[in-house]
Each structure stands twice: as structure tokens, then as C-alpha cells.
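Here are my notes on this one, for you to read with the model open. Tell me if anything looks off.

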Amino acid sequence: MSRTVTVILVDAAGRSIGALPPFDVPDPWWQQVDSVVDGARRRHGVEVAVLRLLDADRPAPPGGHVRYLAQVADAGAVPLEPVAVDLAPHPLRMPWAEAGGPADSVAWATDELRRLGRPVTAVAQQRTWNLSAIWRLDTPLGPAWLKQLPPFARHEPAVLHWLLSTSEAGGRVEVLAVGGEGRVLMGHVPGEDRYGAGEGERMAIAAGHHAVQVRAVGEVDRLVAVGVPDLRGAGLGRWIRERLAGHDVTAAGRLLDGLDDRLARVRDCGLPDTLVHGDLHPGNVRGDESRRVVIDWADAFVGHPAFDILRLTEDLAPAATDRLVATWADRWRADAPGSDPRRAVDLLRPVAPLRLAAVYAMFLAGIEPSEHPYHVHDVPAALARAAAAA
């Protein structure tokens, strides 16, 4: 699957100057804009910074015909098509989605790297959407990565700092600098994202993550104090209901009605609260088969450790899932004598997609309407999974 893209250009003042002719890019995922930038350069000879999604011809990604707004310094002699586009401001627009926003962020990162003795030799925009903007900055000492976060995810640098302070060198993401408007500059993690990891590799991921969670048990108050969301115990139920207010929750009504009682029974299982990654699938692990680093902690929270093993196993065959959960439970029984980890997993199995429905609802409440297609179908889909699991 691929995408057809139309790039509508604005100048430095944010004024529309026309659209490039549509062109195809090989990857279908709307937030991936490296291929859009490259296509504009190769096909039309212009350097653009993609600002944001405008609209698409289908209700949700991937694929289709997608229109983006992008800033250009000089359109040169490229023939542009006249186009009508709504450029009205919006209070929920992210800083990187405004004209001048990407340039400001890259300038900050370039200055920080120069201060660290790493002059930037090349910059490549990688991704932009409501959950983050990401650039790769090449230096003589290797690449660095600039990530810019929305308000609801700005605790990620605090989590990364904590991980660095408690982990062996080379085993975590290096934080080079943290700036305003959600900017964080990170060192490069070699290897590949581990999409498609099998049972054996996921066993290794779970083992490494368990060690992190055991270390975090005594640090939860410190983590909450630096901004990590506190979803411990009954607080999780309140958090879920507050974010799902205004959404049709009929499908999961019975689960919501009994949620407080279910969470009380989870507490009685005796596992401690800890740092939870929140989205621990193999694609958020980078490295190779012998060395792995868990990345993208923007969804992290303080809460029950079972949420991460449920996420890590959700697309495996039942037998493989059972083996991973059994090994995970053995570790927790050893570290929390008298606990009942398997019972906790069973109780939280429907709560995991219910929490995700609330997360998606939070995204929708915090982003401008043109970006809603990324998530608008996720809330009812997650509620349906929660109801089925219950």
C-alpha cells in the first residue's frame, strides 16, 4: 500500500501560495513525512517542512489521497496549482504544526548540539502528527534525534532521565537536552525497531523490562512528583471515566459499572505499583537479537505492571501468550511473595483495552479537528475489545 499526497505550500508568514501537483509515496502511514519531503525535493526541486495533516479521502489511515500543509522558503519556478485551504488558527494546534515551528525546533536542537561539540551536518524531518514531531540530525559523532511532544506526553523526558539514572550504560535512551514546547534531544539507539519479534525475543524483552519495573517500585512517588501520570488503584477508574465522558460507552457499560470492584480485586492480588511503559509492543523496542532498548515512553504512567505484559502479548497465539504470562508471573511471585500475578492479569485483561479507549479519548480532546481521523475510530474499537474481553 502507498499514499498519494498533495502538498499545499505556505510561506514563512503562513500565507498560502499554492499546491504542488499530487505525487505518490511508497509508505502508507500518514504521520511518516520523510518520504513526502523527499518526494517534493526529487520531483519538484523544493525543500519543504511538513506542518500538519489537512484532510484525506478516507476516514482513517493508512493509504489513500492525503493533503498536507508545508512551509517552503523558496518555491522557485515550480508551477503551483491554486487551492482553497483553511488557515485559521486553532487553540489546540501543536507548535510544530505552525509556520516557523519546525525551523524554531531545529534551530534549538542545532544550537544544543553545537554546544555539545557536535555540529549538525544534515537535518531530515521524519514524522509529524498530533502525538509527536521527529527529526534526525546528523553530526560527525553520529546522529541525534529531536522529538517534540504534545502537552499530554511531556513527562517522557523525566522518565528517560530516571531510566538513565538507574540503568547500565548503553541500555537506555541518552537525553542530550530538554527544551521548551515539549522538545527533547536524544542520542541515537543503533539497530532496528523490533516489529515482528517472536516469542523468544519477547521473552527477553519481558525479562529486561521486569528488572526495570522492580527497580521502579520504590521510586513511584518520585516519578509522580516529576509529572508521570498517577494511575494507581482506584485512581485508574476515575481517570478512565473522566476521559470517556461524552463518548458512547454503551458497549462497555457493564465493565465500567463494575470497574471499581474489579480494581479492588486487582489490588488484593498483592502486586506493587511501578513504572508502566503503556505501549510495550516490539515496535517500541530497538536493537538487535542480542541488545535491546525500550523506546518511546510518552505513554508511561505509574500503575499496575500487568498492563505491559498484556500489551506485549496481545497479538501472539494463545499458547505463546500463556507461556510469556506464566514466566512473567513466576518472576513477580519471586519478587512479591504471596502475590497472585495470574489472577491480576485475568482481571486486568478487559481493563487494558478500556484504558486504551480512554487514552484515545484523551488524544482527541487535546488535538485540533483536522487530526481527529488518526484516532476517532480507536475509541469505539477499543471499547468493543474491552467488552469482548470481559
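The points below cover a strand residue, some aromatic pairs and a helix contact.

1. Ground rules. This is a predicted model, so to speak: local features need pLDDT of at least 70, side-chain atom pairs count only at pLDDT 80 or more, and totals for chains, interfaces and linings use all residues. Residues are numbered from 1 along each chain as its sequence is written, and side-chain values use heavy atoms, with hydrogens and water left out.

2. Thr128. Look for Thr128 in strand E6 (residues 122-129); strands here are DSSP runs of at least two residues, helices (H or I) of at least four, numbered from the N terminus. Thr128 has 4% relative accessibility, so it counts as buried (under 20% relative accessible area; exposed is over 50%, partly exposed in between, with a 1.4 Å probe and protein chains only). Leaving aside neighbours within four places in sequence, its contacts (heavy atoms within 4.5 Å) include Trp96, Ala133 and Tyr374.

3. Trp129 and Tyr374. Their ring centres are 5.1 Å apart with planes at 70 degrees, so the pair is edge-to-face (rings of Phe, Tyr and Trp, the last by its six-membered ring, pair with centres within 6.5 Å; planes under 30 degrees apart are stacked, over 60 edge-to-face, the rest tilted). Trp129 lies in strand E6 and Tyr374 in the loop between helices H12 (351-365) and H13 (378-389), so the pair ties together parts 245 residues apart in sequence.

4. Phe301 and Phe307. This aromatic pair is also edge-to-face, 5.9 Å centre to centre with 70 degrees between the planes, and both residues are buried.
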